[in-house]
Amino acid sequence: MLSEVLVDVQRRLEALYALDPEPPVTDFLVDQAAALSPGSRTLVAQEGDEVRLGVVLDGEVRDEVARADPRVRLDAGNLAALCTLTEEVSHFLYVLFCARCRRSVTQLELELQGEVDKYLTAVSLLSVQNEGAVSRRLRDLLFRSYRLREGLAGESAERYREASRLAWTYCGYLESAFLRRARLVELRREARRFYRLGQQDKLLKIAAL
């Protein structure tokens, strides 16, 4: 079940952003026991031009997805698991995208794109499951009602809060300008443009909204 959901989310994001298909993220899963520290995350190591990736998902995410497939029904019970899973798939794809473009990427840029991706993935699933309807509460649930992972503090915590704040603003723009008006083709175009911007241009765009 977990493998199916992971690859489904990966292919959704690749289709949304018009990316060339990458090897399945499941080929890069790292057992949590071998990852030395708890929590879901994407591991990145670079030596020269070679980039190595690994994706760690904690047991709670695995258990929740196995209990309730978010592709069948996404609700308050499995939303957090879907978001965590989507963020790691997003990081995986964005690191590969930037590496292929020979472009550097910051942790804030990764987190911001991950936040946007979890919103758009949830919107995609909810829209199908609810005949096109998406609750206005979704954005608040994702970006205002979250809890930071236990042990996350200092610079890492502040970076996550900033990414969440930026995503709340940008996704609000997507919601009002495109989703509420059923302008889905334009939504995809905007999302693809945003995806390809560097961090500074992303921040400037959001500041202008």
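Student: Is Arg12 buried, partly exposed or exposed?
Tutor: This is a predicted model, in which local features need pLDDT of at least 70, side-chain atom pairs count only at pLDDT 80 or more, and totals for chains, interfaces and linings use all residues. Residues are numbered from 1 along each chain as its sequence is written, and side-chain values use heavy atoms, with hydrogens and water left out. Buried means under 20% relative accessible area, exposed over 50%, and partly exposed in between (1.4 Å probe, protein chains only). Arg12 has 30% relative accessibility, so Arg12 counts as partly exposed.

Student: Which side chain meets that of Arg12 in a salt bridge?
Tutor: A salt bridge is a side-chain nitrogen of Lys or Arg within 4 Å of a carboxyl oxygen of Asp or Glu. Helices (H or I, at least four residues) and strands (E, at least two) are DSSP runs, numbered from the N terminus. Both partners lie in helix H1, 4 residues apart, about one turn of the helix. The N to O distance is 2.6 Å, and the partner of Arg12 is Asp8.

Student: Is Asp8 buried, partly exposed or exposed?
Tutor: The relative accessible area of Asp8 is 25%. Asp8 is therefore partly exposed.

Student: How many residues apart in sequence are the parts that Arg100 and Glu22 tie together?
Tutor: Side chains of opposite charge can pair when their charged atoms come close. Arg100 forms a salt bridge with Glu22, the closest N and O atoms being 2.7 Å apart. Arg100 lies in helix H3 and Glu22 in the loop between H1 and E1, so the pair ties together parts whose separation in sequence is 78 residues.

Student: Which residue does Lys205 meet in a salt bridge?
Tutor: The N to O distance in this pair is 3.5 Å, and the partner is Glu190. The pair links distant parts of the chain, with Lys205 in helix H8 (residues 199–207) and Glu190 in helix H7, 15 residues apart. Lys205 is partly exposed at 25% relative accessibility.

Student: Which residues do salt bridges that share partners join into one network?
Tutor: The structure holds 18 salt bridges. Those that share partners make one network of Glu4, Asp69 and Arg71.

Student: Which residues does Leu120 touch, not counting residues up to four places away in sequence?
Tutor: Contact means heavy atoms within 4.5 Å. With sequence neighbours up to four places away left out, Leu120 touches Leu16, Tyr17, Leu174 and Ala191.

Student: Which residue in the turn of the E1 and E2 hairpin has a positive phi?
Tutor: Two strands pair if DSSP finds at least two bridges between them. Strand E1 (residues 41–47) and E2 pair in the antiparallel sense over 7 bridges. The hairpin has 2 residues between its strands, and the turn residue with a positive phi of about 65 degrees is Gly48.

Student: Is Arg102 buried or exposed?
Tutor: Arg102 lies in the loop between H3 and H4. Its phi is near 55 degrees, a positive value in a residue other than glycine. At 71% relative accessibility, Arg102 therefore counts as exposed.

Student: Where does Ala182 lie?
Tutor: Ala182 is not a glycine, yet has a positive phi of about 55 degrees. At 60% relative accessibility, Ala182 counts as exposed. Ala182 sits in the loop between H6 and H7.

Student: How many disulfides does a search of the whole structure find?
Tutor: A disulfide is a pair of cysteine sulfur atoms within 2.5 Å. The search of the whole structure gives a count of 0.

Student: How far from Cys83 is the nearest cysteine sulfur?
Tutor: Cys83 is in no disulfide. The nearest cysteine sulfur belongs to Cys171, at 11 Å.
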